[in-house]
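Here are some notes to read alongside the structure, written for someone opening it for the first time. Keep the view open and follow the points in order.

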Amino acid sequence: MKIFQSVRSSIRSGSPYAGNDPDDPRKYLKNFLLHFRPTAVPERALSFTLTWALGLASTVLLVLLMASGFLLKFVYEPTPVYAYDSIVHLGRDVPFGQLLRNMHRWSGYALLMTAFLHLLRVFYTSAFHAPRQFNWIIGLGLFTVIVLSNFTGYLLPWDQISYWAITISTSLLDYVPWIGTTIKSWILGGPEPGPATLMNFYAIHTAVLPVMLLFALPFHFWRIRKANGIVIQRAPDEELPLPLPMVNTVPHLVSREIAMTFVVLAAILAVSMVFNAPLAEQANPGMSPNPTKAPWYFMGIQEILMHFHPLFAALIIPATLTAGLLYLPYISYDADTRGVWFCSRKGRKLAFLAAVVAIALTVGLVLLDDLVLSVNTPSPPNLVRNGLLPFLAMLAIGTGVYALARRRLAASKNEAVQAVFTLVMVSFITLTVIGIWFRGAGMQLMWAG
Amino acid sequence: MEQEKISRRSFLNKLWMGLGVVAFAEFIVLLVAFFKPRKPRSAPQEQETVVLAGAVDNFERGSVTAFVRGKFYLARLDNGGFLALSRTCTHLGCTVPWVSDENRFVCPCHSSVFDINGDVVDPPAPRALDLFEVRIENNLVNVDTGKRIKRTSFEPNQAAYPKQA
């Protein structure tokens with residue numbers, strides 16, 4: 001049929017650059033998807049131990065989330081009366097409905113983790129230095145959108161877990177001075193979670209945030225190309241041999257990406273077949289379950305709230321950490337460590353040391369506060385005693401670690417900043433672990449796995 | 001008088017910029033108006049917020065009665081006074097149950113404890129439970145759930161007393 005041939009050739013029209021040589025890599029410029037990629041990449045950019053395919057895994061999970069989310073939209077009803085029933089209906093009556101919900105839930109959690117690990121990878125390989133500084137900022141924005149997507153999606157089943165998790169998470173805003181309560185009532189569409197809250201969260205979850213991702217993600221990718229591709233992994237003190245040997249994107253990069261895509265899909269499918277997404281009883285505003293926990297990725301903040309005055313836990317500490325993360329790429333570093341894991345061998349030792357100190361210090365301070373300090377002074381949190389003083393102590397520890405690394409251990413600025421970053425990150429992860437697995441009924445310290 | 005000369009081109013450019021700023025501000029105002037929390041669609045325009053709790057003698061001294069629809073507890077103090085306590089914990093908004101065996105409110109979320117006056121006995125709650133206004137007319141207890149009264153701690157004048165007592 002001639003018509004089919006002419007339609008086909010109209011779709012895959014010839015590129016002005018591509019010749020007829022089948023081995024000419026530029027022929028892939030004809031392909032819409034591949035034309036986002038360079039025709040050739042440095043061979044060393046394919047190294048798995050640089051990226052661990054974390055960016056790719058995040059992208060695959062995002063596509064999977066959108067695909068499963070589209071299907072869920074055909075079943076889900078965003079009203080308090082029907083939301084819970086529609087989720088039950090999905091699991092009970094819709095073919096593969098439970099599997100679909102499991103995949104959406106586990107992909108969402110997995111995306112949080114791959115994106116976070118991707119952030120750590122970029123940090124520890126110094127890939128956020130110039131010319132990739134602004135892409136670090138875009139990446140932080142993308143990460144925020146991913147966290148908010150998870151958070152808004154958390155409410156939608158309208159069960160006891162989600163209702164109370166959103167209640168206590170948004171109540172944190174009450175502690176932000178002057179504007180907090182107003183912001184909270186805007187997010188909730190009223191003083192407490194209700195029909196307006198569900199509508200707000202549904203609209204944000206299924207329209208606002210996905211569209212933001214769809215715009216920001218190509219920007220993130222485009223900046224990688226603007227920086228001449230990803231950072232090239234190298235050993236400490238190794239000079240990159242220029243020009244770098246190149247290989248064609250097709251098949252060398254694309255085949256690896258396709259393989260990793262299937263690994264990610266298989267992992268999500270396997271987990272979703274074995275583990276069901278949690279669903280408790282329908283939300284009951286009259287009865288809070290014991291214990292009531294925030295979503296697991298906010299358990300670090302909830303744990304901070306157990307020890308700090310709410311103003312510090314809800315505003316000052318998160319704001320300080322955010323400012324620090326935004327400032328990181330704009331510090332003037334004194335060494336070019338791009339592509340070197342942990343800056344140097346010394347940097348690796350320092351980071352390891354900082355991680356050990358962070359775990360010991362965090363666990364020790366949590367135990368000290370819970371078993372000694374709080375027992376002796378059972379009074380409402382005080383702004384100075386429970387806020388300013390411990391906060392200044394934390395700042396002093398961070399500054400002390402930096403000064404110690406610089407002065408005593410003669411570390412470069414890169415290595416010292418890395419040590420402080422490690423200290424903060426590992427402390428936060430430790431707090432999250434304590435909150436998830438070691439807080440039981442009444443938020444008492446116990447094994448609660 | 002020395003006047004700076006403004007070319008037509010730069011004047012028009014500035015005018016367009018100014019108009020753009022105005023249009024953007026209008027857009028923001030529209031967005032704010034659109035997203036401002038509204039009355040729920042299903043609620044009547046003038047919602048009745050006053051709950052008739054019952055006759056004064058129905059409530060024993062030292063007892064706490066839950067009103068699910070009004071989302072409050074009516075506490076009758078030992079001296080005969082009435083307090084309408086919000087059931088929402090002042091820490092992070094959980095619903096606080098009355099534990100009558102222990103004569104206190106215990107929050108299941110982060111184990112804040114409040115006494116019958118709503119005062120904090122055990123943190124992390126930062127302040128006493130919110131109040132609603134109690135009016136006693138003709139020996140009947142009415143609670144206005146429309147106005148939430150925030151307070152730091154219990155004061156005796158917060159309670160409402162029946163006339164004879």
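How many bridges pair β4(B) with strand β9 of chain B, and in which sense do they pair?

1. Let us start with that question, keeping in mind that this is a predicted model. Two bridges link β4(B) to β9(B), whose residues are 131-137, and the pairing is antiparallel. To find the spot, look for B:L85, which sits opposite B:L131 of β9(B).

2. Next, follow β9(B) to its other partner, β10(B), which covers residues 140-149. These two strands run antiparallel and are joined by seven bridges. One pair to look for is B:R135 with B:N142, which face each other across the two strands. The hairpin between β9(B) and β10(B) has two residues between the strands, and B:N138 there has a positive phi near 50 degrees.

3. Now go back to β4(B), residues 82-86, and look at its pairing with β3(B): five bridges in the antiparallel sense. Here B:L85 is the bridge partner of B:Y73. Five residues lie between the strands in this hairpin, where B:G80 adopts a positive phi near 95 degrees.

4. On to β2(B), residues 63-67, which is antiparallel to β3(B) and joined to it by five bridges. The hairpin of β2(B) and β3(B) has four residues between the strands, and B:K71 shows a positive phi near 60 degrees.

5. Is β3(B) enclosed or open to the outside? Five of the five residues in this strand, 72-76, are buried, so the rest of the structure largely encloses it.

6. The largest nonpolar core has 59 residues, and B:L74, B:A84, B:L85, B:C94 and B:V143 are the members that touch the most others. Helix α7 of chain A (residues 160-171) gives the most to this core, with six residues. Setting aside neighbours within four places in sequence, the contacts of B:L74 include B:F59, B:F82, B:A84 and B:V143. There is also a second, separate core of 19 residues, with A:L62, A:L64, A:W106 and A:V264 among them.

7. How do the two chains meet? In chain B, 18 residues are in contact with 26 residues of chain A. On the chain B side, 13 of the residues are nonpolar, four are polar and one is charged.

8. Chain B also has an open sheet of four strands, ordered β5-β6-β7-β8, with antiparallel pairing. The edge strands are β5 (98-99) and β8 (120-122); each has a single partner strand, so one side of each has no neighbour in the sheet. Between β7(B), residues 113-114, and β8(B) there are two bridges, and B:V113 stands opposite B:D122.

9. Finally, a stop in chain A. Helix α14, residues 384-408, has A:N386, A:V401 and A:A405 as its buried residues. An α-helix has 3.6 residues a turn, so residues three or four places apart point the same way. Just after α14(A) comes A:A410, with a positive phi of about 50 degrees.

Definitions and conventions. Residues are numbered from 1 along each chain as its sequence is written. Chains are lettered from A and ligands numbered from 1 in the order in which they are written. This is a predicted model: local features need pLDDT of at least 70, side-chain atom pairs count only at pLDDT 80 or more; totals for chains, interfaces and linings use all residues. Two strands pair if DSSP finds at least two bridges between them. A residue is buried if 20 or more other C-beta atoms lie within 10 Å of its own, exposed if 12 or fewer, and partly exposed in between; C-beta atoms are placed from the backbone. A nonpolar core is a set of buried Ala, Val, Leu, Ile, Met, Phe, Trp, Tyr and Cys residues joined through C-beta atoms within 7 Å. Two residues are in contact if their C-beta atoms, placed from the backbone, lie within 7 Å. Ala, Val, Leu, Ile, Met, Phe, Trp, Tyr, Cys and Pro count as nonpolar, Asp, Glu, Lys and Arg as charged, and the others, Gly among them, as polar.
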